[in-house]
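Open the model in your viewer and have the selection tool ready. The stops below say what to select and what is there.

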Amino acid sequence: VLWRNILEVYVCLCGDKTESEVREAIRNGSTTVDDLKEELDVSTGCGTCLGYVERILKEELTSFSLKTG
C-alpha cells in the first residue's frame, strides 16, 4: 500500500502497523502481545512500540469485558 490515511497513527514503524490495525486484530481475537506479534509483526524489530501495543491491548480487553459484563 503506497497511500494511507494521513491521520492514521502508526504504532509500529518497523512492522508498518497502525493503531487501527492493532485494535482490529484485538477485536478479531488476539488477546496477548504474542498474538499481535505473530499476526501483525508488531514489536518484533526494535521493540520501541511494545509499551504502546500493551496499552492498546489493555484498553481493548477492558472495553470488551465492560461490554460483555
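Start by selecting Arg23, which is buried, with a relative accessible area of 14%. Buried means under 20% relative accessible area, exposed means over 50%, and partly exposed is in between (1.4 Å probe, protein chains only). Before going on, note that this is a predicted model, in which local features need pLDDT of at least 70 and side-chain atom pairs count only at pLDDT 80 or more, while totals for chains, interfaces and linings use all residues. Residues are numbered from 1 along each chain as its sequence is written, and side-chain values use heavy atoms, with hydrogens and water left out.

**Stop 1**

A salt bridge here is a side-chain nitrogen of Lys or Arg within 4 Å of a carboxyl oxygen of Asp or Glu. Side chains of opposite charge can pair when their charged atoms come close. Both Arg23 and Glu19 belong to helix 1 (residues 19–27), where four residues, about one turn of the helix, separate them. Helices are DSSP runs (H or I, at least four residues), numbered from the N terminus. Is Glu19 buried or exposed? Glu19 has 17% relative accessibility, so Glu19 counts as buried.

**Stop 2: along helix 3**

Select Glu59, which lies in helix 3. Which residue forms a salt bridge with Glu59? The partner is Arg55, with the closest N and O atoms 2.6 Å apart. Glu59 and Arg55 are four residues apart in helix 3, so about one helical turn separates them. Glu59 is partly exposed, with a relative accessible area of 31%, and Arg55 is partly exposed at 42%.

Next, draw a distance between the C-alpha atoms of Glu59 and Arg23. These atoms are separated by 9.2 Å, although the residues are 36 apart along the chain.

The structure holds five salt bridges.

**Stop 3: two cysteines**

Select Cys12 and Cys49. How far is the sulfur of Cys12 from the closest cysteine sulfur? The distance is 3.8 Å, to Cys49, which is too far for a bond. Cys49 is in no disulfide either, its nearest cysteine sulfur being that of Cys12. A disulfide is a pair of cysteine sulfur atoms within 2.5 Å, and by this rule the count is zero. Cys12 is buried, at 2% relative accessible area, and Cys49 is buried, at 8%.

**Stop 4: a charged patch**

Finally, select Glu38, which is found in helix 2. At 73% relative accessibility, Glu38 counts as exposed. Helix 2 (residues 33–40) supplies the largest share of the negative patch, four residues.

How values were computed. Helix = DSSP H or I, 4+ residues; strand = E, 2+ residues; numbered from the N terminus.
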